[in-house]
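Q: I have a model open and would like to go through it with you piece by piece. Could we begin with how the chains meet?

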Amino acid sequence: MSVVVLPREGETPAKRRVPFVLRVLARRPIVLAGAIIVVLTTVIGLLAPVIAVDPMRMDVAMRLQTPGAAYWFGTDDLGRDVFARVVYGARLSILVGGAVVVFALMLGLTAGLAAGYFRRLDNVIMRVMDGLMAFPAIILAIALMASLGPSVTNVILAIGIVYTPRVARVVRGSVLVVRENAYVEAARALGVPDLPIILRHVLPNCLSPVIVQGSFVFAAAVLTEAALSFLGVGVPPYIPSWGNILSEGRLYLQQAPWLVLYPGAAIMVTILGLNLLGDGVRDLLDPKIRGLSIERTRAT
Amino acid sequence: MEDRVKAYILRRLLALIPVALVVATVAFVLIHLAPGDPAAIIAGPDAPADDVAQIRRTLGLERPLHLQLARWYGRLLQGDLGQSIFLRKPVLDAIIDRAEPTLLLTLSAIVVSILIGVPAGVLSARHHNSAVDQALMMLALVGISIPNFLLGLLFVLVFGVWLRWFPVAGYSPLEDGWLATARSLVMPAFALGLVQSALIARIARSSMLDVLREQYVTTGRAKGLAERAVVYKHAFRNALVPTITVIGISFAVLISGAVVVETVFNIPGLGRLVISAVLRRDYPVVQGVVLVIAGVYMLVNLLVDLSYLVIDPRVRYQ
């Protein structure tokens, strides 16, 4: 992976006005490709009702139609439009990915800040997190779904719980570094209570690794949702999700390979886009790259 | 054995205790996580009251929660995972019955991922920034973007349905001859291992690149060693440390991946066991499989940590 060439201190003010993110994107076409894929998937997901017909409408007379002018991606065994289901699947993937990121970041930030800042809580919180991480991700997600029951909300909860400790560990690591800084000590010496110190001084300086982690949690959440639904323990089967379409398609592999090929391509392209973007965000926020994390933190 | 080494091993073992305790507690909590009476949920909506009462008794749900938890720890210490509600046999027996395909699938996937990932990573590093390097890394990026179950489905479609090279699904147990077993595992092992080999290749490449910049590599070249000797005798061994870590992590990813891939190929392993248990709300089986897999995972991580003693002598002097 090549390294981003960064602007040095002596930059002209005019150049600084071009948003930093755009400058990086322009230098790294592959990250730009990732960003375009992610934005496109999001737009398709949001505009699903405009782009596609009702993904639940069954028409048994039209079952297992090959892809063509009438049905771009063919139809499934119940005569539902696969294109519509793939498009609505994008909507679900983006929803689950986004919600899991919000959930895992909120919980992970809270746990990580508490563990890193209050040394007495550290051991307890991190042992619980270690215990949760001793389960392979998909296994814990399956087990949680067993208890929670199939629904979109529960899928978000289960995957969110699985990825919270991974965020918490990263946050705690940076808090341990940040809390030793002179400005934190100064604030403490001035008698500033713990909460304002955490929120105003510690939190903003821990954010870059969290943002990087967030972009990978998003990809992992999309993958995990697809896997859970494929296994039949994710979102209920009637809800169009890429995993659900694949799960049905598996039974008609011989007669209707398009049931696997189109949602499969959608998953692959989306995950590829998220990975490319994640790599880009990581290079962008890598603290090893001079001056960058500071500039980025100020911007956020 | 040196005292330092003993102390290191002991430290690692002790560190496992709190983690194991949390793991056991999480597995216990699973059954109480759903809102409402667990016995009623397990029995299903139309179950007669007698059935619900019997399930409550079997699972000991009528006792206070802290006593249930104490009994749970006690039983786990004795290796007792309880009784399956649906299969009407001990959970441990059900797991042992289904372990063979999952273990064989995981192991063969590890072999596939190492045999492809490590050479690809080394090759990429040796020809850093060449066309070969870029092609391999692009391939690896695509590789980590394909979920294993999707790759499995595509294999079934291409090599099973269209080309008819391999059986579309199913598993042939070892006792019916290893050749048939191997044949039934080729596609699942590649579906599972290829994705992981992409990750291993990326790590192997970057740790090789780091090592190749070291002074002892330059020294080796300067004193006229053949490039082969420099790369394989000096650099490779040192690049192994991060790679072994990833292979250890791979084990966790692969054993849980096996659980998913089994569904694609209809392999009657732990994955099918746990999924059918989830659908039947057979909580003791879910708890048991989850515990066993987490246990194996912790053990493998321990072995990875201990393997540093052999690979990286510096660990001994920490």
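Predicted model: local features only at pLDDT ≥ 70, side-chain atom pairs only at ≥ 80, totals over all residues.

Q: What about the largest nonpolar core, how many residues has it, and which have the most contacts inside it?

A: The largest nonpolar core has 178 residues, and those with the most contacts inside it are A:Ala141 and A:Ile142 from chain A, and B:Val274 and B:Val286 from chain B. Helix α5 (residues 82-117) of chain A gives the most to this core, namely 20 residues.

Q: Take B:Val274, then: what is it in contact with, leaving aside its neighbours within four places in sequence?

A: With those neighbours left aside, B:Val274 is in contact with A:Ile142 in the other chain, and with B:Val259, B:Val285, B:Val286 and B:Val289 in its own.

Q: Where does B:Val274 come into the packing of α10(B) and α11(B), and which residues make that contact?

A: Helix α10 (residues 227-265) of chain B and helix α11 (residues 270-280) of chain B pack at an angle of about 85 degrees, and their axes are 7 Å apart. Angles from 65 to 115 degrees count as roughly perpendicular, and α10(B) and α11(B) are therefore roughly perpendicular to each other. On the α10(B) side the contact is made by B:Ala258, B:Val259, B:Val260, B:Glu262 and B:Thr263, while α11(B) brings B:Leu270, B:Gly271, B:Arg272, B:Val274 and B:Ile275. By class, this contact of α10(B) with α11(B) has six nonpolar, two polar and two charged residues.

Q: Staying with chain B for a moment, how many helices and strands are there?

A: Chain B has 12 helices and zero strands. Its C-alpha trace spans about 85 × 60 × 35 Å along the principal axes, and 39% of its 318 residues count as buried. Among the contacts in chain B between residues at least 6 apart in sequence, 73% join residues at least 24 apart.

Q: How many helices and strands in chain A?

A: Chain A has 13 helices and zero strands, and of its 300 residues 47% count as buried. For contacts in chain A between residues at least 6 apart in sequence, 69% join residues at least 24 apart.

Q: Changing topic, is B:Arg164 buried or exposed?

A: B:Arg164 is exposed, because 9 other C-beta atoms lie within 10 Å, and a residue counts as exposed at 12 or fewer. B:Arg164 has a positive phi of about 60 degrees although it is not a glycine, and it lies in the loop between α7 (148-162) and α8 (178-212) of chain B.

Q: And where is B:Arg281 found?

A: B:Arg281 is found in the loop between α11 and α12 (283-311) of chain B, and it has a positive phi of about 55 degrees although it is not a glycine. B:Arg281 is buried, because 21 other C-beta atoms lie within 10 Å, and the cut-off for buried is 20 or more.

Q: Why does A:Arg179 count as buried?

A: A:Arg179 counts as buried because it has 20 C-beta neighbours inside 10 Å. A:Arg179 lies in the loop between α8 (152-178) and α9 of chain A, and, not counting residues up to four places away in sequence, it touches A:Gly116, A:Tyr117, A:Val184 and A:Val202.

Q: Which residues meet where α9(A) packs with α10(A)?

A: From α9(A), A:Tyr183, A:Val184, A:Ala187 and A:Arg188 meet A:Ile197, A:His201 and A:Val202 in α10(A). By class, the contact of α9(A) with α10(A) has five nonpolar, one polar and one charged residues. The axes of helix α9 (residues 182-189) of chain A and α10(A) come within 10 Å and cross at roughly 160 degrees; α9(A) and α10(A) are therefore roughly antiparallel to each other, and their crossing is right-handed.

Terms used
Residues numbered from 1 in each chain as written. Chains lettered and ligands numbered in written order. Core = buried A, V, L, I, M, F, W, Y, C linked by C-beta atoms within 7 Å. Helix = DSSP H or I, 4+ residues; strand = E, 2+ residues; numbered from the N terminus. Contact = placed C-beta atoms within 7 Å. Axes fitted to C-alpha atoms, helices over the stretch in contact; angles between N-to-C directions. Parallel < 35°, antiparallel > 145°, perpendicular 65-115°, else oblique. Left-handed = near helix turned anticlockwise from the far one by under 90°. Nonpolar A, V, L, I, M, F, W, Y, C, P; charged D, E, K, R; others polar.
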